[in-house]
2 protein chains.
Amino acid sequence: MLSYTEENYLKAIYHLSENGQKSVLTNEVADAMNTKPASVTDMIKKLSVKKLIEYEKYYGATITKQGKVDALAIIRKHRLWETFLVQKLNFNWDQVHEVAEQLEHIQSSLLIEKLDEFLGNPVADPHGHPIPDKNGKIHIAQQIPLGEITQKKTTTVKAVKRGSPSFLQYLSKIGLYIGAHVSVLRKTEFDGSIEILIDKKKKAFISKEASQNILVTE
Amino acid sequence: MLSYTEENYLKAIYHLSENGQKSVLTNEVADAMNTKPASVTDMIKKLSVKKLIEYEKYYGATITKQGKVDALAIIRKHRLWETFLVQKLNFNWDQVHEVAEQLEHIQSSLLIEKLDEFLGNPVADPHGHPIPDKNGKIHIAQQIPLGEITQKKTTTVKAVKRGSPSFLQYLSKIGLYIGAHVSVLRKTEFDGSIEILIDKKKKAFISKEASQNILVTE
DNA sequence: ATTATTTTTTAGACTAATCTAAATTTTGTA
DNA sequence: TACAAAATTTAGATTAGTCTAAAAAATAAT
């Protein structure tokens, strides 16, 4: 069984290796975990002894099949708990991450299966991120950044990419949420910002950066 | 803020000091925590520096006002989570303790207040144990052991005293649960065992020991 | 291609929580 | 009361996770 800390490192390494197949570097992990590279080296050795990652000195780590399985189990728990917090306890979507970071480490397969059932076997968390099923299978929906859709076409918001609390609060403030219907009214060439129409009612200007973090149906 | 381990020790000391005002002895704590007396001595020193207990060398520890407040906050969380597991996730009452031992350490006052509300501000957990309110206040109901009630009188089961999983499973098996209506049909003098009638339907013989662990309304 | 910079690892130290074994103190008893 | 037994504390060691500083290796740049 993995310790609290081992779980967190494994998860970080999984997330870092999602974007690109390349091996994950020591400093990247240290940044993600807010620890020092020396600590990462130690932990990487531990995880590689446990066959959850493969590690070549000075060249970073790659996650193994088993490592992925374990990481996905943790991510499943995280996202189910986030869903619970929003759907059942009325948390806002910007309030759930920190608490789910704790809840994801609770060890009880009975609990997580019953929670899954209680929530109606959800396929995505409050940020639109897919929830791996019991076997670690993820259904990856085709989604593109809002900035890239054809003008006039109406799409549905499916997910947010990076979800810092302040970004999520900002989205709520302009009336944007998962499931909202959005179309692009105008694009500004020089800075990439766009004007959008939400649910045929509200207009909003959003920056290029923001538009890249909002994912919609194609 | 208390560490996971400090919380567990504080809770154990609180529970041990509930039964009797006397100070809690090192060995008692070691037994309750499944650790060695030497470890207890160390922790007792830490908690006394934090003013959660008062400690006189060789004479055990007594919990302070602040210690009680902190202990009750943990117990509140434990019992709210147990209630959640049974009422919302359909756990059996003999399955919840271990999971709640983990959940009680989640740090989020928002979470616990929302959970409390979600559950309808329950006053007792699935074993009938009182849930301290937000301010640590407990409503202590008058309850007596089943073995001590007057024969023929019908009473309502309110709580179980010590709730090991096997004892709870046994109670379920004979049809006994919190809220059941029970009367004593016969008492056997020499061993203190009794025959009871549950919900005017089921009869069961239970030992003196069991009867002392079932608490009913007077 | 040699040097400078960056990255990573190693070495050694620290804290929290635990242990065993030995020393100390209290308690019980002859 | 004095000694034996039990309980408690102290001393010293261990493990997990972390750090800083120094050493080593890889990468970039002149």
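This is a short exchange about a predicted model.

Biologist: How do you know that chain A is in contact with chain B?

Modeller: Contact requires C-beta atoms, placed from the backbone, within 7 Å. On that test, 16 residues of chain A are in contact with 16 residues of chain B. On the chain A side, helix 5 (96–103) and helix 6 (109–118) each give two or more residues, and helix 6 gives the most, with five. That side divides into nine nonpolar, five polar and two charged residues.

Biologist: Why is the relation between the chains called that of a two-fold axis?

Modeller: Two copies of a chain are related by a rotation about an axis and a shift along it. Here a rotation of 180° with 0.0 Å of shift superposes chain A on chain B, with an RMSD of 0.0 Å. That is therefore the relation of a two-fold axis. In chain A, the C-alpha of Leu103(A) is nearest the axis, 3.8 Å from it.

Biologist: How do you know that the copies meet through the same surface?

Modeller: Of the interface residues of chain A, 100% are also interface residues in chain B, so the surface is the same in both copies.

Biologist: Why are strand 6 and strand 7 of chain B said to pair?

Modeller: Pairing needs at least two bridges. Strand 6 (residues 194–198) and strand 7 (residues 202–206) of chain B have five, in the antiparallel sense. One bridge joins Ile198(B) to Lys202(B). The two strands form a hairpin with three residues between them, and Asp199(B) in the turn has a positive phi of about 50°. Strand 5 (residues 181–187) of chain B also pairs with strand 6 of chain B in the antiparallel sense, over five bridges. There, Arg186(B) stands opposite Glu195(B) of strand 6.

Biologist: What makes strand 3 and strand 7 of chain B edge strands?

Modeller: In chain B, the open sheet of six strands has the order 3-8-4-5-6-7, with antiparallel pairing. Strand 3 (143–145) and strand 7 each pair on one side only. The twist averages 45° from one strand to the next.

Notes:
Residues are numbered from 1 along each chain as its sequence is written. Chains are lettered from A and ligands numbered from 1 in the order in which they are written. This is a predicted model: local features need pLDDT of at least 70, side-chain atom pairs count only at pLDDT 80 or more; totals for chains, interfaces and linings use all residues. Two residues are in contact if their C-beta atoms, placed from the backbone, lie within 7 Å. Helices (H or I, at least four residues) and strands (E, at least two) are DSSP runs, numbered from the N terminus. Ala, Val, Leu, Ile, Met, Phe, Trp, Tyr, Cys and Pro count as nonpolar, Asp, Glu, Lys and Arg as charged, and the others, Gly among them, as polar. Copies are superposed by least squares on the C-alpha atoms of residues with pLDDT of at least 70 in both. Axes are lines fitted to C-alpha atoms, for helices over the stretch in contact, and angles run from 0 to 180 degrees between N-to-C directions.
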